[in-house]
Amino acid sequence: MSGPGYPSPNQPPYSMSPYPMGGYGDPGQAAPPPGFQVGYHSVSDQPVMYQPGPASSQSQHGQQYGAPAPAPASVPAGVPPGLEYLTQIDQILIHQKVELLEAFIGFETNNKYEVKNSLGQKIYSAKEKNDCCTRNCCGALRSFDMKIKDNSDREVIRLIRPYRCVTCWCPCCLQELEVQAPPGTTIGYVKQDWHPCYPKFSIQGANKETLMKLDGPCLACNCCSDVNFELKGKDGGQSIGRISKQWSGLLKEAFTDADNFGIKFPLDMDVKMKAVLMGAAFLIDFIFFEQVGNSKQRNTVFS
């Protein structure tokens, strides 16, 4: 079972756009909260170009499921290099690759992911950079640098997570993730907010100003169902997006830590905040769904 608008890995690809293609909300709605930038619109009659890389010679009508995704023909001002394609989509999928070494002997390896659009076309690849001792001693709490590359193997986003202890009674050791795009230029942060029962996060800008909130369920574990983290404005209120941990099936959930995530956001959201939400999905994966060793224990206070 998968959340609305997200194709299951076991189902044929399909596309579903939960937000209006001309922007988020109708003209009668109030202005969007800070962190949103109106003006990134998809124009259906404009030519579509593929991202540079080995698949650049494909024609538009020769697209295959799982092939690299097309890139926009024009680049809006202020968009970090490599994030151009994010300006024309309102949802992405993150699929973690199955590591056989982890599945059979429980030896923790660097996590690897593929980031795709709703049609299953690859947009980016992500790989954790860490050492063997940190991975296997610190488990899900480990610090890491994660490089996110486009289809031409160019690093476009870097995620930096420092080591933090996890306890619901110590608000001074909360989880945090820095998002850089391009690498070396900070565009935002994902910061855990203290709460004794519920997982809560702040989506922050480059100056650590809170722009949006991310609220999860009391029990962040998915038993035969999806787990949804609702995206809201900085003052709460109505949901404007979602990060969903998708149920991957009993065998995959029991014997591997290869997780699937879906992210929905307004089409006209600031592309930098879309990248920060991508980083939030990776942080959520490590905090709540990363299995540690053969015991399959998740190192978290909420599940």
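Me: Why is G184 called exposed in this predicted model?
Reply: Its relative accessible area is 61%. Exposed means over 50%. G184 is over that cut-off, so the word applies.

Me: Where does G184 lie?
Reply: In the loop between strand 8 (176-180) and strand 9 (186-193). The C-alpha atom of G184 is separated from that of I157 by 9.2 Å. Along the chain, G184 and I157 are 27 residues apart.

Me: What makes strand 5 and strand 6 a pair?
Reply: Two strands pair if there are at least two bridges between them.

Me: Which strands make up the closed barrel?
Reply: The order is 3-4-5-6-7-8-9-10-11-12-13-14, which gives 12 strands with antiparallel pairing. From one strand to the next, the twist averages 20°.

Me: Which residues touch the most other members of the largest nonpolar core?
Reply: L83, I157, M278 and F282, out of 52 residues. Helix 4 (residues 271-289) gives the most to this core, with 15 residues.

Me: What is F282 in contact with, leaving aside its neighbours within four places in sequence?
Reply: F282 is in contact with I94, Y113, V115, A126, M146, I148 and L159. Contact here means heavy atoms within 4.5 Å.

Terms used
Residues are numbered from 1 along each chain as its sequence is written. This is a predicted model: local features need pLDDT of at least 70, side-chain atom pairs count only at pLDDT 80 or more; totals for chains, interfaces and linings use all residues. Side-chain values use heavy atoms; hydrogens and water are left out. Helices (H or I, at least four residues) and strands (E, at least two) are DSSP runs, numbered from the N terminus. Axes are lines fitted to C-alpha atoms, for helices over the stretch in contact, and angles run from 0 to 180 degrees between N-to-C directions. Buried means under 20% relative accessible area, exposed over 50%, partly exposed in between (1.4 Å probe, protein chains only). A nonpolar core is a set of buried Ala, Val, Leu, Ile, Met, Phe, Trp, Tyr and Cys residues joined through side-chain atoms within 4.5 Å.
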